[in-house]
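Subject: A structure for you to look at

Hi,

Here is the structure I promised to pass on to you. Please open it and have a look around before you read my notes.

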Amino acid sequence: MLLMCCTEKAPVPEVVEEEEEHHELTGMFLEKPSDTVAIKGQDITFIAKVDSTSLVRKPVIKWLKGKWMDLGSKAGKHLQFKETIDKNTKVFTFEMKVVKVVPGDAGGYRCEVSAKDKCDSCSFEISVEEAETQEGQEDILSAFKREGAGEDEGELDFSSLLKAVKKKKKAVPKVEETDVWALLKNAHPSEYEKIAFEYGITDLRGMLKRLKKMKESEEKFSDAFIKRLDSAYSVDKGKKIVLSVELVDPNAEIKWLRNGQEIKPSAKYIMERNGNIATLTINKCSLADDAAYECVVGTEKCFTEVFVKEPPVTITKLMDDYHVVVGERVEFEVEVSEEGANVMWFLEDKELVRTENSKYRFKKDGKRHWLIIQEATLEDIGMYHCYTNGGHTKGELEVEEKELQVLQSIADLTVKPAEQAMFKCEVSDEKVTGKWYKDGVEVQPSDRIKITHIGRFHRLTIDNVKPADAGDYTFVPDGYALSLAAKLNFLEIKVDYVPRQDPPKIHLDVAGNMVTQNTVIVVAGNKLRLDVEISGEPPPTVVWSKGDKVVDAKEGRVRVESRTGLSSFVIEGAERDDEANYSIAVTNPAGEDKANLFIKIVDVPDPPEHVKCTGVGEDCATMTWEPPKFDGGVPIKGYLMERKKKGSSRWTKLNFDMYESTTYEAKRMIEGILYEMRVFAVNGVGISQPSLHSKPFMPIGPTSEPTKLTVHDVSDSTVHLRWLAPEKIGAGGLDGYIIEYCKEGDTEWQAANTEPVDKQNFVVRNMPTGEKMNFRVVAVNIAGRSPPALLGQPVTVREIMEHPKIRLPRFLRQKYIRQVGDTINLSIPFQGKPRPQATWLKDGKPVDEKKINVRNSNVDTILFIRSAEREHSGKYTLVLQIENMEDTASIDIRIVEKPGPPIAVKVTEVWGFNAALEWQPPKDDGNCEILGYLVQKADKKTNEWFTVYESNRRTNCTASELVMGNEYSFRVFSVNMCGPSEDPGVSKNTAKILKPSIGFQAPPYQEMDMNCAPLFTTPLVDRSVIQGYSAAMSCAVKAFPRPKIIWMKNNMMLGEDPKYLMMNNQGVLTLNIRKLGMFDGGKYICKAVNPLGEAAVECKLEIRPQPVLEKK
């Protein structure tokens, strides 16, 4: 008779089984995604809901396809993910939307949710059907398709005409995991590159060559192999793989080859033989192990391919945001975990690809990848994304219109005939072009009129000025609503032939440079030329002076140039020292004239000073600085700010408009990142040099308020508070908590603790009895205090009477059995206020404190026995009493040991080759039931003992198959739950098997045909086990010849993992699994195979999370 047993290695709480609906809610899920049949081209949404009321941290969800492909990296236009939370119920809702379903979306999916030490998962299937078409509107030509890749290849297939009649199609079979080799075998060649990118294939060309060889080699019948190698194996990089073949001859010599080269045994390549099973184990697979392998036995071979999958490519350096002006260069940079990895760039939902006319350039160097925009425009504004098959990052690009500044405007000119007139202006952008206009008509260049553009300077030069050249001239920059205007005056010279004497006169006309009366402003570094017209007859003498010093140099940086009727004062590259009062004096015999001028030199200001951070927030920082010591002679218009991450060389502009204050709040920063800032001062001349960098600072915000503040206990003078950590802590961490209280109606809060406490509970002491008190808790970190968490109502400080109640653990509600010598330590929690009195009784009498130790506390009582003895067995009663109220609980403790030997063992009868034995039960059963008896025999010649029966339930038995001519003695051991007795009961008499006097001719023996195919007489049973415990699954099978036993989980064969122990004891098959984890759940299959056939049984193993126990 075959028996089935199914045991666990640790006690399991009692489980109440209920009828299950189609959608069973277990673990962390309130709602799970279910199997769905989708219509091609339509949208479909899957929803998962998770209750977070009992979770310490926010749950994290992963959507997976097949076994390992993370769909989070595929988010985009086709796959969209959404996460919401109901703050009232603390229920998270996760959605995955598939837009316009395609046949490639069919398959198995898995949803995994985790939160700190808890996790749960569920699986679901998507089947894709073609959309139903109306009768008469089908394309008849589409039915005449050819099988195969090409348009004109393959045989004609008319089966679609038959399928069109059917309104329903069969659902796509469930796919537990994706086989890349199967995909490549069945895929169209145009889809190879798409599959390679989706599944991280790096050597596509090599795989296609090997795939071609695999198709050419067809499996043939072999005299050497019972089971060949599979056509292909797939393994993750860094993992191990086992290649296994089954041989006809277990003693045959075998060789393993890799790419035609024989493999030598080493720590990496381990070759093993177990009967007719030969295995090759490859440890720590690398890309070099991605090759063709052969198993050679004599002249026969079998082939396979090993495909090493690289781990998903992750992004190690994220993209930065850019804030630029029109025309600037933008470089988005990312760094990935693997060299040569493929990345995809997107602008919003549009993929960016390189074409001949594309403005985007792509560059990569090892692990670093760049997206380059040479000249940014307003059309480039948006969010840029970079995707790999295992990661995603994004960066925002903001583009501002560039403001054009006029550094030097054009001035009015007065020229004489045949002289040269030159209009000159300077703007801030070297790339800006423009047009010149005279009286509204565009000026065209000629031999006499020249238009030049060098750097920031634009010039209009007119040689040999004529009267027709006089008029209003305007310069208009292209692309800007701006114009610069000046006037050209033509000075006619009249010749008077009557000799006369005129007193000298200075005609001072520098209106283009005048700001106030007799003041000329010059930008430092520019050239100043003052052309002063002088009249008088005879021609006067001109003297220029700087203060009291005469300037008479004809050459040099500061010089005087003289012509008839004109004196020019020139300063090349004006400097600050050139600022002074200047005078010009003219004299002739008829008189003299004098004019005073003040030349003011203006420059860009000095950089601001003492830039520092005065305060930080979660994503902002407050910066202050002092104005520059020298403002350049022109009032400061404002400031420009830039920031960068510490260690980076790229500065980001924070403002484009002038900021007038010396205090600025920088926003849109990342918490926990070190930043540096610098400031530029701006006046009417230009922008200063940058200030010195500020000291590095880090935006850090206070935490959110603590959550779930509750009152745990109240006495006449204390209040015990409990709470949970804030939902948001941030980069500043958490230093502790401050507990504050005040009386009802007061507004002044007092701190209960001077130093922050780390624990999430606190006892506020010395409270006035009977008063109503308000309490609040504040989280503290380096950024300061968080918002307070308040109790909903005041707490009255008064002891609360609570009835005593014993919370007896479930395993103590049944008989508690231990062996002699074991340590007994029972902890029984209870409730009650004020503190209850706990008393232990044994069989109705107080326990002997010399033999049994008892310790009581406010919340529990402990019964401790260091070394248990038989006398400690009995009924123990715990009495919990508060005044006249009490509660009781009883525990039945039994101490057991091995039994004594059976008595009166004797041989009662001997016949043929048999002997009958009888005995009586032992006097001492070890304080527990006798489970059976172990019977052994020994012949007088050898005195070696052999087992006849391992477990005999009755007190008699028959020993058969005794040898003729031998004399036998017998002994019997008693067996209980502790094991067999120390001493056996030995028979007083012996059994002697005599030789018969008359010979007997036995009839010919016909051997019975015992061959049979495998048949499971006892199947596997579905199990439900708590996480962390061990479990065993058993079944029974009969077959001959002895079958090969294969254990599988989710259709995957279980390898030589020490976590799994597989046993076969006379047809009883047992699979032991140690320390179950949440991911050990699934479908387990036991398969038996012999030459006559095969059979399989399966069961479902469900893993339940450990129950949360109350803290003592």
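Below is what was found in it, going from the whole chain to a few details.

A word on the basis of it all: this is a predicted model, in which local features need pLDDT of at least 70 and side-chain atom pairs count only at pLDDT 80 or more, while totals for chains, interfaces and linings use all residues. Residues are numbered from 1 along each chain as its sequence is written, and side-chain values use heavy atoms, with hydrogens and water left out.

**The whole chain**

The protein chain has four helices and 89 strands. Both are DSSP runs numbered from the N terminus: helices are H or I with at least four residues, strands are E with at least two. Of its 1112 residues, 38% count as buried; buried means under 20% relative accessible area, exposed means over 50%, and partly exposed lies in between (1.4 Å probe, protein chains only). If you take the contacts (heavy atoms within 4.5 Å) between residues at least 6 apart in sequence, 63% of them join residues at least 24 apart.

**The largest nonpolar core**

A nonpolar core is a set of buried Ala, Val, Leu, Ile, Met, Phe, Trp, Tyr and Cys residues joined through side-chain atoms within 4.5 Å. The largest one here has 38 residues, and Trp63, Met96, Cys111 and Phe124 touch the most other members. Among the elements that give two or more residues to this core are β7 (91–98), β9 (118–129) and α4 (204–216). Leaving aside neighbours within four places in sequence, methionine 96 is in contact with residues including Trp63, Leu71, Tyr109 and Phe124.

**Cysteines**

Cysteine 122 counts as buried because its relative accessibility is 7%, whereas cysteine 1012, at 27%, counts as partly exposed.

**A sheet of five strands**

Next, find the open sheet with the order β13-β20-β19-β15-β16, which has mixed pairing. Two strands pair if DSSP finds at least two bridges between them. β13 (232–236) and β16 stand at the edges with a single partner strand each, so one side of each has no neighbour in the sheet.

Inside this sheet, β15 (residues 255–258) pairs with β19 (residues 292–297) in the antiparallel sense over four bridges, and lysine 255 stands opposite valine 296. Valine 296 also has a bridge partner in β20, lysine 301; six bridges join β19 to β20 (residues 300–309), again antiparallel. On to β16 (residues 261–262): β15 pairs with this strand over two bridges, in the antiparallel sense, with leucine 257 opposite glutamate 262. The hairpin of β15 and β16 has two residues between the strands, and asparagine 259 there takes a positive phi near 55°.

**A sheet of three strands**

Another open sheet has the order β48-β49-β52, with antiparallel pairing. Its edge strands, β48 (609–616) and β52 (663–666), each pair on one side only. Four bridges join β49 (residues 621–626) to β52, and alanine 621 has alanine 666 as its bridge partner there.

Enjoy exploring it!

Best wishes
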